[in-house]
Amino acid sequence: MCGIVGYIGDGNAKDIIIDGLKKLEYRGYDSAGIAVYKDGKLEIRKRRGRIVNLEEAISNEDLQSGLGIGHTRWATHGAPSELNSHPHSNADNTVAVVHNGIIENFAELREWLSKEYGIVFRSETDTEVIAQLIGIYYDGDLLDAVYRAVDKMRGAYAIGVICSKEPDKLIAVRKESPLVIGLGTDCNFIASDIPALLKYVRELYLLENNETAVLTRNAVVIYDAERKSVKRDVLHVTWDAAAAEKEGYDHFMMKEIHEQPKGISETLNRRLTPEGEIVLDGISLTKENLENFNKIYIVACGTAYHAGLVGKFAIEKLARIPVEVDVASEFRYRDPFVDDKTLFIAISQSGETLDTLAALREAKKKGARILSVVNVVGSSVARESDDVFYTWAGPEIAVASTKAYTTQLVCMYLIALYMGRLKGTLSKAECDKYIGELKSIPEKLERILEKEADIEEIAKQLYKTEQVFFIGRGPDSGVSYEGSLKLKEISYINSFAIAAGELKHGTIALIEQGTLVVALATQDRLFEKMLSNIQEVKARGAYVMGIAKEGNTDIEKQSDCVIYIPDCMDEVSPLLAVVPLQLLAYYIAKLRGCDIDKPKNLAKSVTVE
């Protein structure tokens with residue numbers, strides 16, 4: 001969740017670290033801090049709030065240094081404050097640490113350090129425990145002290161460590177939480193995520209679990225848990241650095257909404273031959289494999305979970321295999337029925353979501369085959385899977401995910417079509433029809449985006465509401481969950497999604513005069529049923545915004561306003577129906593004065609349980 005940047009080299013660490021932290025502010029923004037080595041000691045500066053507060057505070061300070069670490073925080077232990085901000089140091093300020101993750105036994109360690117060594121803690125954080133542990137173990141060998149401290153710690157963490165007594169090195173440790181190493185010329189870097197480094201380097205090492213790296217100006221050595229050096233292939237990043245910039249848009253979220261046609265085209269066309277055959281690079285499933293599976297689990301969190309709901313519909317319809325969708329945070333705690341006849345599909349934008357990783361490992365331990373759908377090449381989920389299907393969305397910076405969702409949907413459709421053809425449950429002609437529909441989606445999305453001003457006008461009528469219900473049937477119910485999530489996470493409106501047929505079983509009691517109901521009615525075979533559901537809420541005073549395909553104008557008789565999407569097959573309508581909901585959430589949040597790219601209490605990559 002938190003953002004980490006570290007630098008060692010001949011440049012100005014302060015400026016490089018601040019610049020990198022700005023690229024990671026989507027990972028946490030309640031406080032920020034920096035530690036640099038200068039004139040024989042560590043200079044630590046922290047500020048509550050956004051990185052700009054820290055930047056302004058140190059702008060006129062002479063902190064020129066070739067060694068430093070920085071951090072932007074998403075609070076887990078202790079309220080946002082300068083005392084709780086990272087970096088944290090040991091008792092005599094010779095060791096400084098930045099940390100992403102949670103030390104689960106920090107309370108036990110804190111008590112032990114206080115009783116045995118008389119340590120007086122200055123913060124409420126678990127991170128200070130790391131710094132104090134390294135401090136008490138330090139006897140002239142920083143690497144040894146770090147290993148001894150890590151041996152005491154339980155939990156998930158990525159940490160960066162510097163020491164005033166060994167200013168020629170920067171040490172990084174990874175367990176569960178992501179950490180990358182940037183390889184420069186006469187300099188090296190660490191960071192929580194690749195965008196922080198794109199301006200400076202394109203050659204990276206990806207740290208694996210339980211690995212420690214020692215960085216100097218001219219070298220990087222990686223060690224395993226037994227302190228044996230390990231070799232690591234270099235990853236070359238092909239992203240354009242501009243892809244991680246706003247490029248004239250007010251917010252990353254709006255930029256990423258507009259990037260969806262391109263992302264869908266990339267994700268789709270990279271998997272189709274000129275003859276229209278599906279070739280899933282990274283997936284080696286055979287017909288025999290599929291016939292061996294008696295169940296598929298799709299497991300994910302948040303937006304990725306909602307993509308899984310649509311994926312379930314597609315796989316069951318096209319490949320005729322039972323599918324269960326589960327939230328990753330619950331999956332491994334209910335002893336699921338998983339064995340070697342199970343296909344486990346993990347969906348994750350970052351590929352580092354800790355709940356999803358934990359569920360994946362549980363399924364793998366029970367014998368399941370693992371197929372992952374991820375956006376970040378070389379991420380933990382990807383590396384621990386048997387088969388990998390990458391989305392080609394490019395970097396997604398906004399906390400509220402948009403293009404990751406639609407490209408994940410494309411992946412799920414392609415997987416379902418591929419399985420259907422392998423099993424013989426889908427004819428070539430039927431498959432070609434679906435592919436033709438998918439190929440038409442980018443152009444149809446562009447037509448929806450051309451109506452952006454109309455959706456903004458609707459938002460002007462609705463932005464003061466404080467309660468919203470999203471309803472739909474079939475695939476529309478899954479899209480309803482995603483539309484509801486987008487609205488609540490960036491506008492802070494109390495939003496709720498439910499399958500439309502379930503309204504009458506309790507939830508309809510909450511509908512009263514003026515309640516906003518967003519009704520998705522894009523499924524032709526269920527259109528009349530949805531009109532009946534809309535009538536039910538209208539009879540109780542609801543204000544209804546309908547989403548329907550062009551031509552289905554009967555919805556206007558039951559709705560107060562309607563947004564039309566281009567006509568398409570029912571099965572692929574989620575790719576179109578979600579975009580008006582993304583735009584509606586964006587404009588409502590903007591009108592309410594919310595910080596759209598940095599919603600309160602949220603962060604982009606969730607690397608804690």
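Predicted model: local features only at pLDDT ≥ 70, side-chain atom pairs only at ≥ 80, totals over all residues.
Just after helix 16, tyrosine 492 takes a positive phi of about 65°.

**Helix 16**
- Helix 16 covers residues 475-491, which makes 17 residues.
- From first C-alpha to last it reaches 25 Å, close to the 24 Å expected at 1.5 Å a residue.
- Most of helix 16 is covered, with 15 of its 17 residues buried.

**Helix 13**
- Helix 13 runs through residues 403-423, and its 21 residues should span 30 Å at 1.5 Å a residue.
- The C-alpha atoms at its ends are 30 Å apart, so the model agrees with that expectation.
- Helix 13 is mostly covered too: 18 of its 21 residues are buried.

- Lysine 22 pairs with glutamate 55 in a salt bridge, and their closest N and O atoms are 2.9 Å apart.
- Because lysine 22 sits in helix 1 (residues 13-23) and glutamate 55 in helix 2 (residues 51-58), the pair ties together parts that are 33 residues apart in sequence.
- Lysine 22 has a relative accessibility of 39%, so it counts as partly exposed.
- Glutamate 55 is partly exposed as well, with a relative accessible area of 29%.

- Aspartate 595 and arginine 50 meet through their side chains in a salt bridge of 2.6 Å, N to O.
- This pair links distant parts of the chain, 545 residues apart: aspartate 595 is in the segment after helix 18 (574-591), and arginine 50 is in the loop between strand 3 (41-48) and helix 2.
- Aspartate 595 counts as partly exposed at 29% relative accessibility, and arginine 50 counts as partly exposed at 26%.

- The side chains of glutamate 128 and arginine 122 form a salt bridge, at 3.9 Å from N to O.
- Glutamate 128 has a relative accessible area of 1%, so it is buried, the cut-off being under 20%.
- Arginine 122 is partly exposed, with a relative accessible area of 37%.

**A salt-bridge network**
- Salt bridges also join Lys41, Glu43, Arg45 and Glu61 into a network.

How values were computed: Residues numbered from 1 in each chain as written. Heavy atoms only, no water. Helix = DSSP H or I, 4+ residues; strand = E, 2+ residues; numbered from the N terminus. Expected span 1.5 Å × (residues − 1). Buried < 20%, exposed > 50% of the residue type's maximum accessible area, 1.4 Å probe, protein only. Salt bridge = Lys/Arg side-chain N within 4 Å of Asp/Glu carboxyl O.
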